[in-house]
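Subject: Structure handover and notes

Hello,

Please find the structure below.

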Amino acid sequence: MTALSQPLRAGTPRLDVERVRKDFPILEQRVRGKPLVYLDSAATSQKPRAVIDAIASYYLQDNANVHRGVHLLSERATQAYEDSRGRVKRFINAAHEHEIIFVRGTTEAINLVAQTYGKSRVRAGDEILITAMEHHSNIVPWQMLCEEKGAVLRVAPIDDDGQLLLDELERLIGPRTRLLALAHVSNALGTINPLRRIVEMAHRRKVPVLLDGAQAAPHLALDMQALGCDFYAFSGHKLFGPTGIGVLYGRSELLEEMPPWQGGGDMISSVTFEKTTYNKLPYKFEAGTPDIAGAIGLGAAIDYVSALGLSAIAAHEHDLLAYATEALRQVPGLRLVGTAKEKASVLSFLLGDVHPHDIGTVLDREGIAIRTGHHCAQPLMRRLGVAATARASLAFYNRREDVDALVAGLHKVREVFE
Ligand SMILES: Cc1ncc(COP(=O)(O)O)c(C=O)c1O
């Protein structure tokens, strides 16, 4: 697995960022009279023209429902939709295409597992283990399940740098643990969790692992077979694809055993008023007309990212993260929140006593887009003793000039509030 914090290897291909930026029409605009500096890719990434074109081309030429029609358009739409599943399978190196379930996004993927695997396996007194750095979408579905079942939600602690305390985590994996669910990369801190070790730890105790890959898929090369996790969830819109589409990867054995979630068209094999039998994987979990255009857009995004090369992307982002970390450290009064040794493209920070919302507002006037708030991780904010942070997040289309603009903007913030 390629971590952004790994040293660059000799011979890693360089990314031509200026050329890459030309593929993202949205980045060419001025906002508030200034060139747009987009530093909010962890919230959602921008889309290359190839993705926009693939969606337009589907609607212009192939639009039809999938899996049902006998006519040519339906055949083409089905082919394109299923081709995208194949692209996802190769992108994450899953063993089988039927292990790829199209969903709305990470949130829906996790809810699907909670409502199927969770409902059928979790009993009163059982435990679900998560960590202190989870996004709400990897907390609330488990809380809801625990409430319903009388189960217990356990939380593995972190240190002040935002790194998991692995010994504590290991101690929390007990005989009643039914699932370990954790982020691959933290959206609020950028921490990359040491997953190989964690998955091995859980599997030694026969505990399945769900990984929230929302912030990992856009930055790290993924390999489900090497990682050995049981479930992996990510969102298309953070991976340079459209909103409304995401992926749940699940190991065949588990998916086969799990009951379906939503009922409706396409997920059935036969229906009578007395009894319904369900379709095979992956369709058992894809009730109703899916987001066909979204899946096609996601396939195009995966093609785009793969053509750039994950190692070139990682090398560029590694360089940029190091540059940005150093540059922000030079800003008087700035404190980075999240200083793990292994990090991906997220810089959370506080600036003196200035409220993060005010930082964001002043930066917006300079054409700089960042995110401020609790980042859907209120328990994490509480653990770190902060109400909110400002967060700049990077993608491969960012360059050092963007970081320089951010630093200049932060000096303006200091002028305004000092
Ligand atoms: C770590 C993490 N998990 C889950 C989510 C939820 O993703 P979505 O809103 O696309 O379902 C996000 C979104 O910010 C995230 O950063």
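This is a predicted model: local features need pLDDT of at least 70, side-chain atom pairs count only at pLDDT 80 or more; totals for chains, interfaces and linings use all residues.

The ligand

Where does the ligand sit? The space it takes is the largest pocket. The residues around the ligand are Gly105, Thr106, Thr107, His135, Ser137, Asn187, Asp212, Ala214, Gln215, Ser235, His237 and Lys238.

For three of these residues there is a distance between a polar side-chain atom and an oxygen atom of the ligand. In Thr107, a polar side-chain atom lies 2.6 Å from a ligand oxygen. For His237, an N or O atom of the side chain is 2.7 Å from an oxygen atom of the ligand. For Lys238, the distance from a side-chain N or O atom to an oxygen atom of the ligand is 2.6 Å. On its own, the ligand would expose 390 Å², and 86% of that is buried by the protein.

Glu286

Glu286 is placed in the loop that runs between β12 (276–278) and α10 (292–308). Is Glu286 buried or exposed? Its relative accessibility is 5%, so Glu286 counts as buried, the cut-off being under 20%. The side chain of Glu286 has a polar contact of 2.8 Å with the side chain of Tyr81. Tyr81 is also on the list of residues in contact with Glu286 once neighbours within four places in sequence are left aside.

Leu254

Leu254 belongs to helix α9, which covers residues 252–257. With a relative accessible area of 8%, Leu254 is buried. Which residues does Leu254 touch, apart from its neighbours within four places in sequence? They are Tyr117, Arg121, Asp230 and Phe231. A separate distance concerns Pro208: it is 46 residues from Leu254 along the chain, and the C-alpha atoms of the two are 9.4 Å apart.

Ser345

Ser345 is in the loop between β13 (334–337) and β14 (346–351). The relative accessible area of Ser345 is 1%, and because this is under 20%, Ser345 is buried. What does the side chain of Ser345 make a polar contact with? The partner is the side chain of Glu317, at 3.3 Å.

To find these places in the model, you could begin with the ligand in the largest pocket, then go to Glu286 in its loop, Leu254 in helix α9 and Ser345 in the loop between β13 and β14.

Regards

Terms used. Residues are numbered from 1 along each chain as its sequence is written. Side-chain values use heavy atoms; hydrogens and water are left out. Helices (H or I, at least four residues) and strands (E, at least two) are DSSP runs, numbered from the N terminus. Buried means under 20% relative accessible area, exposed over 50%, partly exposed in between (1.4 Å probe, protein chains only). A polar contact is a pair of N or O atoms within 3.5 Å; within protein, one must be able to donate a hydrogen and the other to accept it, and residues adjacent in sequence count only if both atoms are side-chain atoms. Contact means heavy atoms within 4.5 Å. A residue is near a molecule or strand if one of its heavy atoms lies within 4 Å of it. Accessible areas come from the Shrake-Rupley method with a 1.4 Å probe; for residues, only the protein chains shown count as cover. On a 1 Å grid over the protein atoms alone, a cavity is a set of points where a 1.4 Å probe fits but cannot get out, and a pocket is an open set with protein on both sides within 12 Å along at least five of seven lines; lining residues have an atom within 4 Å of a point. A molecule sits in a cavity or pocket if more than half of its atoms lie within 2 Å of its grid points.
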